[in-house]
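Here's a quick briefing for anyone opening this structure for the first time. Have a look at it, then read on.

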Amino acid sequence: MSTKVQLIGGSFQDSEGAVLANGYLKMRLSQDCMVNNSQVCSGVEITIQLDSNGNVASTSSTPAASNQFVWGNDQLAPINSFYRVTGYKANGQPAWGPNNQQVIGNGGTFDVGTWVPNSVVNWTPSPQIPFVKVNGVALSSQAILDFENSGSVTWVDAGNGQVQAAAAGGSGMTLVAESHQTRASSGTVTVTPTLGGNFSKGLYQYFISFVLASSGTEVATLEYCLSFQSYGGIVCNQSGHLSPPPGDVALTNLIGGSSFQLNEWVGVEFGGQGGFALEAQPSLKWEFFTDAVNPLSVNMDLWIYRVATLP
Amino acid sequence: MAKRQIVGGNFQDSSGNPLNGGSVTFRLSTDAVATSTQIAASILTSAVLDANGNISGTVFIWPNDQLNPATTVYRITAYSAKGQQVWQSENVIPSGVGSFDIGTLIPLY
């Protein structure tokens, strides 16, 4: 519940310091307002009496007068109201204003001497409509911003004003996680994809991504990504050998494998060299060897992705 | 479908002095129909304000959400006891249970 504010102070005077003794203020609200389920009529101009010192008259004035109250603008609805205030000498001559001023407060007092003439400080700006651009060019509609799905990007309203984008593979490709396995082992590591027991047959591309991390001194973190095509089987080149020297890692499969150095960023594509029947549970084996001097342990996080459709 | 009684208002000036003996009028923005009843916009609904600036007597008007077309509003005007226009707004009077206190309206004009 709001309460009116008592006006005090002001010390209205002329440029020589002669006060507006027994003058008065005329105050008119800028618009009709509502407070405490009551309608405040702006059409009624109110008069605030000044005392012999040019201050708003009150019980502390000499001679004493009634305290004078108005509604604080911050208590009124709608917001952003103000008073149009004109100060008069006792003989009715306009002397100050008219100026737009606000009274702030809920109960208590408000010193009109704090007014900066024609300064409205309690102001809530109207919502600012943003000007939307795309790549520096104004959007075709400034009234609607509609996120539309495309072939490669899907939009989701995540709530709370958040919009999330999910991007599909480029060129119409979609990566489908076929298998994810984590192995921590020393020595030979065998990874056997178990998703449904089979890789999907057909003209798919597979991407294998794994991260090796080791506490040994010979093996450092290696990220390796290779791709191969399945023409009904796993096809790899056969340039590698099955028993790599210490410090090397061999990727073996049903046919053979390829070796690569650790501590290197290696990207190898296995081209089609023919095919063979896809086993029910094809296995991919990585073998790690130490030099028998430095300890080796390997942690592998393996992801195997299948490209759902070829470009 | 029913008219609704209008009460309250507590009309006053900026110092809180009630609009004692004033009046308030309601003018529908356009002719409308409530079911099969034609409402004439040109005829004002008037009410006198009591010593506290509240509507005195019994005043009923049609809520706007019962009228067709659906876009009607009431232009509500308050006058001092001397006939001076001191308050005006355009608002929707809603349907509801019991009376409607126009003191709850936020002036829109």
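Two strands count as paired if DSSP finds at least two bridges between them. Strands themselves are DSSP runs of E with at least two residues, and helices are runs of H or I with at least four residues, both numbered from the N terminus. This is a predicted model, where local features need pLDDT of at least 70 and side-chain atom pairs count only at pLDDT 80 or more, while totals for chains, interfaces and linings use all residues. Residues are numbered from 1 along each chain as its sequence is written, chains are lettered from A in the order in which they are written, and side-chain values use heavy atoms, with hydrogens and water left out.

**Chain A overall**

- Chain A has 22 strands and zero helices.
- Of its 311 residues, 37% are buried (under 20% relative accessible area with a 1.4 Å probe, counting protein chains only; exposed is over 50%, and partly exposed is in between).
- Chain A exposes about 16300 Å², and carbon and sulfur atoms supply 51% of that; accessible areas come from the Shrake-Rupley method with a 1.4 Å probe.
- Take the contacts in chain A (heavy atoms within 4.5 Å) with a separation of 6 or more: 63% of them are between residues 24 or more positions apart.

**A hairpin and a patch in chain A**

- Strands β12 (residues 153-159) and β13 (residues 162-167) of chain A run antiparallel and are joined by six bridges.
- Within this pair, A:V156 stands opposite A:Q164 of β13(A).
- The hairpin of β12(A) and β13(A) has two residues between the strands, and A:N160 takes a positive phi near 55° there.
- A:L145, A:F147, A:W155 and A:V163 make a nonpolar surface patch of about 360 Å²; such a patch joins nonpolar side chains (Val, Leu, Ile, Met, Phe, Trp, Tyr) within 5 Å, from residues with over 30% relative accessible area and no salt bridge.

- The peptide bond from A:A77 to A:P78 is cis, with omega near 0°, and A:P78 is in the loop between β6 (69-70) and β7 (83-88) of chain A.
- Another cis peptide bond runs from A:G97 to A:P98, with omega near 10°; A:P98 belongs to strand β8 (residues 94-101) of chain A.
- A:N118 has a positive phi, near 60°, though it isn't a glycine; this residue is in the loop between β9 (109-111) and β10 (133-134) of chain A and is partly exposed at 45% relative accessible area.
- B:N10 also has a positive phi, near 50°, in the loop between β1 and β2 (23-28) of chain B.

- Three strands of chain B form an open sheet in the order β6-β1-β9, with mixed pairing.
- Its edge strands are β6 (60-61) and β9 (100-101) of chain B, each pairing on one side only.
- Strand β1 (residues 4-7) of chain B runs parallel to β9(B), with two bridges joining them, and B:I6 has B:F100 as its bridge partner in β9(B).

**Where the chains meet**

- The contact takes 20 residues from chain A and 21 residues from chain B.
- About 1700 Å² is buried between the two chains, with carbon and sulfur atoms giving 51% (buried area is the accessible area, 1.4 Å probe, that two parts lose on being put together, summed over both).
- On the chain B side, B:Q12, B:S14 and B:S15 lose the most area to chain A, together 34% of what that side buries.

Note on methods
Patch = residues over 30% accessible without salt bridge, like charges linked within 9 Å, V, L, I, M, F, W, Y side chains within 5 Å. Salt bridge = Lys/Arg side-chain N within 4 Å of Asp/Glu carboxyl O.
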